[in-house]
Amino acid sequence: SRAIKTNQDLLPETPWTHIFYNDFWGTLLTHSGSHKSYRPLCTLSFRINHAVGGMDPWGYHLVNVLLHAAVTGLFTNFSRILFGDGYWTLIAGLLFASHPIHTEAVAGIVGRADIGACLFFLLSLMCYVKHCSTRGSSLSTWGWILGAGLCAGCSMLWKEQGVTVLAISAVYDIFVFHRLKMRQIVPALYKRKNLTLFFSIGLLTSWGTALLGVRLYWMGNKPPSFSNSDNPAADSDSFLTRTLTFFYLPTKNLWLLLCPDTLSFDWSMDAVPLLKAVSDWRNLHTVAFYAGLLLLAYFSLKGSSNERECNGRTVMNGKQNANGHSCHLETEYKTLEVKSSFASKEENGIKKHEMQKLQLPSTENLVILSLSLLIVPFVPATNLFFYVGFVIAERVLYVPSMGFCLLVTVGIRALYVKAQKRCLKNLVFCSTAALIVFYGLKTVVRNGDWQNEEMLYRSGIKVNPAKAWGNLGNVLKSQSKISEAESAYRNALYYRSNMADMLYNLGLLLQENSRFSEALHYYKLAIGSRPTLASAYLNTGIILMNQGKTEEARRTFLKCSEIPDENLKDPHAHKSSVTSCLYNLGKLFHEQGHYEDALTVYKEAIQKMPRQFAPQSLYNMMGEAYMRMSRLPEAERWYVESLRSKSDHIPAHLTYGKLLALTGRKSEAEKYFVKAIQLDPTKGNCYMHYGKFKID
C-alpha cells in the first residue's frame with residue numbers, strides 16, 4: 001500500500017524529480033523515520049505503470065513477469081560463458097527459472113526492486129565479461145567497462161545490493177578469466193603483463209567506493225531505524241543472542257534455497273525464534289553450514305587436485321580435451337597454453353584473446369565464482385554492517401539464487417563426471433530433472449497462495465501467526481465478515497499481545513459496530529504500546545466527544561496534535577491523523593461557540609496538513625466559523641476553496657448556498673441547493689435546506 005497505493009510520487013501532479021529525493025515509500029530520504037530504501041528507478045517504473053493503467057494490478061504483474069523472463073534469459077546466457085553449449089547451461093537456466101524462492105519477488109509487486117536490480121546486475125556483469133575478452137586488443141574494451149559501471153549504478157538505483165556486482169566482476173576477472181589460484185595473486189602483482197588486470201580491478205574498486213559514498217551522503221549519513229518487531233535480534237540486549245541469531249540466519253536462508261518447502265510472505269517478529277544459548281540445537285546447523293562453506297572455499301582456492309573435469313569429461317593435468325575446450329592444471333600463473341587445434345586457428349587469423357574466451361573455467365574456479373555470487377549480494381542483509389528491517393526476506397534471495405543455481409549445476413556436473421557407469425550417469429540426470437520438476441510444481445503451488453490477500457495470509461499462519469492473523473483480519477473486515485475479522489484480530493493478539501496496530505484495528509472494528517466502551521479500551525492499550533500512534537488518539541477523542549465528554553476529548557486531541565513525526569515509519573499517515581485531530585478539536589470549539597479558538601486550530605491544521613489530505617471539510621468549517629462571526633468575505637473565500645478542492649462536496653454546496661442567499665444572490669444560491677440534491681437525491685438534509693431557502 002505505501003509503495004504504490006498511497007505513494008504520492010506515483011501521481012502525475014507530483015513532480016517526477018521528487019522520486020530522487022524520497023525513499024521507496026515516498027518519505028523524504030533525510031527524514032528521521034525514512035526506511036532509507038533508495039530505489040528511484042523502481043519507483044519510476046511504478047509511476048509509468050500508474051500513468052498507463054492506473055491502479056489496475058494486471059499491468060504491474062505483467063511488467064514483473066517480463067522482467068523475470070529477461071533476467072532468466074540473461075542468466076542462461078551468462079551460464080553459457082561458464083559451461084559452454086550443452087546440458088549444463090540449460091540445467092542452470094531451468095533451475096533459476098523454476099525456483100520457488102522467486103515467487104515473492106515476481107508475484108509481489110514491490111519485489112520488482114529485486115528483479116530490476118538483478119537485470120542490471122547481469123547486464124553489468126556481461127559488459128565486464130566483454131571488457132575482459134577485448135582488453136588489450138581493442139579500444140572498445142573501455143566502452144564495455146564504462147557500460148559495466150553505468151549498469152552497476154542502475155542496479156544500485158533499483159535496489160541497494162546491486163552495487164555488489166562490482167565485487168563479482170572482480171572475482172570473475174581474477175579467478176575465472178585469468179584462472180588464478182589464491183597463492184598466485186600476490187606474485188601476479190609484480191608482472192607487468194598484469195597491469196591491465198589490476199587497473200580494471202582498481203576502476204571497479206574506485207567506482208564502487210564512489211557509489212557507496214554518494215549513496216550514504218544522499219540518505220543523510222544516517223542508518224535507518226526499525227522497530228523491534230521488524231528485527232528482534234537487533235533489538236536484543238544480549239550480545240550472545242545477537243551473535244548466535246545473526247550467524248544462524250544465513251543457514252536458514254540457505255535451507256530456503258535448498259528446500260523451499262515452507263515459504264511465507266513475512267518472517268518478522270517471532271517467525272525465527274532467537275537463539276539465546278549455546279545449547280540451542282540449531283547451533284549445530286550453523287556450525288555445519290560454516291564448516292561446509294569454508295571447506296568448499298578452501299579446496300576451491302587451493303586447487304591442489306590433479307584431476308579436473310571439463311563440461312562433463314574427466315581431464316588429467318589438462319591433457320584431455322572436452323567439447324573442443326581445454327582445461328589446465330596451473331601450478332604458477334601464466335597465460336593458458338593453447339593446444340595444437342587452437343594454434344592452427346591462430347595461424348588462420350584468430351587472435352589469442354578470442355581463443356582464450358573459448359576455454360571454459362575449471363570446476364574450482366566455477367565454485368569460487370558461484371560462492372561469491374551466492375554470498376556477496378547477500379552480505380547487505382546479514383546485519384554485518386548495519387541492522388536491516390527484517391529477519392528473513394525471500395525476495396532478498398533473488399540475486400543470490402543465481403550463485404546457488406550455478407553451484408548446484410557445478411555439483412551435478414561433478415557427480416556426472418565421477419559416475420563411471422551409464423546407469424549412474426542416467427540417475428544423476430533423472431534426479432536433476434526431478435529436482436527441476438519439483439521446484440516448478442512448488443512454484444505453481446506457491447503462486448496459488450499469491451492469488452489474493454486472503455490465501456496469502458492464510459498460508460503464512462504457521463510461520464508468523466501474529467502478522468498473518470492480523471493481516472487476515474483486515475481482509476475479512478473489508479469483506480464485511482465482521483465476526484471472523486474480530487476473531488482473527490484476537491488470534492493475532494493471542495500470539496503477540498503488544499501489537500499496537502492490531503490493538504488499534506480491533507478498536508476500530510468495535511467502534512464501527514457501536515461497541516464504544518470496548519473500542520476505547522483497545523485504543524488505550526494501543527496508545528500504551530505505541531504512544532506516538534496518532535490515529536488511536538483521534539478515534540479516542542471522537543468517541544469521547546460523541547459521549548459528551550468534551551473536556552477529555554479536548555485533552556486527547558491536544559495531546560495528539562503535539563506528537564512529532566520524528567522516527568515514525570509513515571510520517572504522511574501520522575500527519576493526516578494529526579490534521580484530523582485538529583479538525584475535530586476545531587469542531588469541538590465551534591460547537592461550544594468559541595469561534596476564534598476554532599479558527600486558530602483550523603489554521604494550525606492547514607499548516608500541518610500533508611499533501612494527500614483531503615481538505616474540503618476543513619475549508620468548509622473555516623467558512624462556517626467566519627460565517628458565524630459575520631465575516632462574510634472570508635467565509636465565501638473558504639467555501640470556494642472547499643468546492644475547488646472537491647467539486648462534489650455536498651456540505652460546501654449547502655453552506656455556500658446559504659451565504660449567497662444571505663447576501664441577496666438568490667438565483668446563484670438556488671443553483672447550489674439544486675446541485676446538492678442532484679449529487680445525493682437520498683439525503684434529506686439537502687431538501688431541508690432547500691425548503692428553508694424557498695420559504696425565506
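This is a predicted model: local features need pLDDT of at least 70, side-chain atom pairs count only at pLDDT 80 or more; totals for chains, interfaces and linings use all residues.
Me: Is Tyr416 buried or exposed?
Reply: Residues are numbered from 1 along each chain as its sequence is written, and side-chain values use heavy atoms, leaving out hydrogens and water. Buried means under 20% relative accessible area, exposed over 50%, and partly exposed in between (1.4 Å probe, protein chains only). Tyr416 has 13% relative accessibility, so Tyr416 counts as buried.

Me: How are the planes of Tyr416 and Phe429 arranged in their aromatic pair?
Reply: Rings of Phe, Tyr and Trp (its six-membered ring) pair if their centres lie within 6.5 Å; planes under 30 degrees apart count as stacked, over 60 as edge-to-face and the rest as tilted. Tyr416 and Phe429 are 5.1 Å apart centre to centre, with 70° between the planes, and this makes the pair edge-to-face.

Me: Which residues form one aromatic cluster with Tyr416 and Phe429?
Reply: Phe429, at 24% relative accessibility, counts as partly exposed. Tyr416 and Phe429 belong to one aromatic cluster, together with Tyr87 and Trp88.

Me: How far from the ring centre of Tyr416 is Lys425?
Reply: A charge sits over a ring if NZ of Lys or CZ of Arg is within 6 Å of the ring centre and within 35 degrees of the ring normal. Lys425 lies over the face of Tyr416, and its distance from the ring centre is 4.2 Å.
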